[in-house]
Amino acid sequence: MATVIDGKAVAQTIRSEIADEVRRLSEKYGKVPGLAVVIVGNRKDSQSYVAMKRKACCDLGIKSFDIDLTEQVSQVDIIKQVHELNANPDVHGILVQLPLPKHINEEQVLTEISLEKDVDGFHPLNIGKLAMKGREPLFLPCTPKACLELLSRSGISIKGKKAVVVGRSNIVGLPASLLLLKADATVTIVHSHTSDPESIIRQADIVIAAAGQPKMIKGSWIKPGAAVIDVGTNAIDDPSKKSGYRLVGDVDFEEVSKVAGWITPVPGGVGPMTVTMLLKNTLEGAKRTLE
Ligand code: GUN
């Protein structure tokens, strides 16, 4: 049976380290890290993610700047808002929750965020540096950083290993593959046009699943002893729950946990770590300007 990696517990440990650092900065400089979270419109999923991020800030003594814009907001007004946050010395991190409404040019908005405040690590220059050997981005994207932190805190080395990333999104799959490559893994990306994904995934020592397909990865696809990190958060109907749904990953946990060496559960795996990495990035941003 696989060792189940407890993301909630690891996240708690890191959060208490962050809270200590926030206190230290506050005592030394009379300032606390500040994170601006911008949300546009009222998508239910985005609202719940943003509420989680804002609450996590408050819990750790990080100041949260809440910017809520209507679905109809113009490109010009979003960018004006980003520029104001760029100029605000109390804001050390800026996050624009994605996806943005269809009429907004997402790439342009992300490009306007100051590189020094790009705590999501989505600015094309930060992604570009992530892709280049010998260059270091100012911030690493939170979910991929969370995956690698879970591997390292579980004592799983990456160097020289075969890693397969399932999915190639700008937010998770692509940056996760770049980060694994930077950590000296041999990396393959499996996506919707890959033929025979099972046979590729079966070769992996490390699997990062970020395809957005509930329970897609089966036990027979996994090399015995592999480390399996499940980024999927798929809501499926469950009439026995008060909400009417429950969250499942991209990995069939019941099957894969019998074969893998390590596995992250959903919920309680990568999820709590992603928000924690956002807080860590915000702290790093604040330290760079204050110290
Ligand atoms: N939407 C889904 N995941 C994310 C994330 O990590 N950051 C932002 N900004 N938007 C998201």
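In the predicted model, Asp-196 counts as exposed because 9 C-beta neighbours lie inside 10 Å, and a residue is exposed if 12 or fewer are found there. Asp-196 is placed in the loop between β6 and α8 (197-201). Its phi is near 55°, a positive value in a residue other than glycine. Asp-184 also has a positive phi, near 70°, and is likewise a residue other than glycine. The loop that holds Asp-184 runs between α7 (173-182) and β6 (186-190). Asp-184 has 12 C-beta neighbours inside 10 Å and therefore counts as exposed.

Confidence in the prediction was examined for the protein and for the model. The mean pLDDT of the protein is 98, and 100% of its residues reach 70 or more. For the model, ipTM is 0.95 and pTM is 0.96.

The surroundings of the ligand were then listed. Leu-95, Val-96, Gln-97, Leu-98, Asp-120, Cys-142, Thr-143 and Ile-171 surround the ligand. Two or more residues of this shell come from β4 (93-96), and two or more from α6 (142-153). By residue class, the shell around the ligand consists of five nonpolar residues, two polar residues and one charged residue. Residues of the shell are given both by domain 1 (30-114) and by domain 2 (142-271), so the ligand lies between the two domains.

Strand β4 also takes part in a sheet. The sheet is open and is formed by three strands in the order β3-β2-β4, with parallel pairing. Its edge strands are β3 (63-69) and β4, each of which pairs on one side only. On average, neighbouring strands of this sheet are turned by 15° against each other, direction ignored. Strands of a sheet pair through backbone hydrogen bonds, in either a parallel or an antiparallel manner. Between β2 (residues 34-40) and β4, the parallel pairing extends over four bridges. Within β4, Val-96 is the bridge partner of Val-38. Val-96 is also one of the residues that surround the ligand.

Two cis peptide bonds are described here. One joins Leu-98 and Pro-99, with omega at about 0°. Leu-98 belongs to the residues around the ligand, and Pro-99 lies in the loop between β4 and α4 (106-112). The peptide bond from Val-266 to Pro-267 is also cis, and its omega is near -5°. Pro-267 is located in the loop between β11 (262-263) and α10 (270-290).

Helix α4 contains Glu-107. Glu-107 is exposed because 12 other C-beta atoms lie within 10 Å, a count that meets the limit of 12 or fewer. Glu-107 and Pro-124 are separated by 17 residues in sequence, and the distance between them in space is 8.2 Å, C-alpha to C-alpha.

Key
Residues numbered from 1 in each chain as written. Predicted model: local features only at pLDDT ≥ 70, side-chain atom pairs only at ≥ 80, totals over all residues. Near = placed C-beta within 6 Å. Nonpolar A, V, L, I, M, F, W, Y, C, P; charged D, E, K, R; others polar. Domains from an automatic or database assignment. pLDDT = per-residue confidence, 0-100. Buried ≥ 20, exposed ≤ 12 C-beta atoms within 10 Å, placed from the backbone. Pairing = 2+ DSSP bridges. Axes fitted to C-alpha atoms, helices over the stretch in contact; angles between N-to-C directions.
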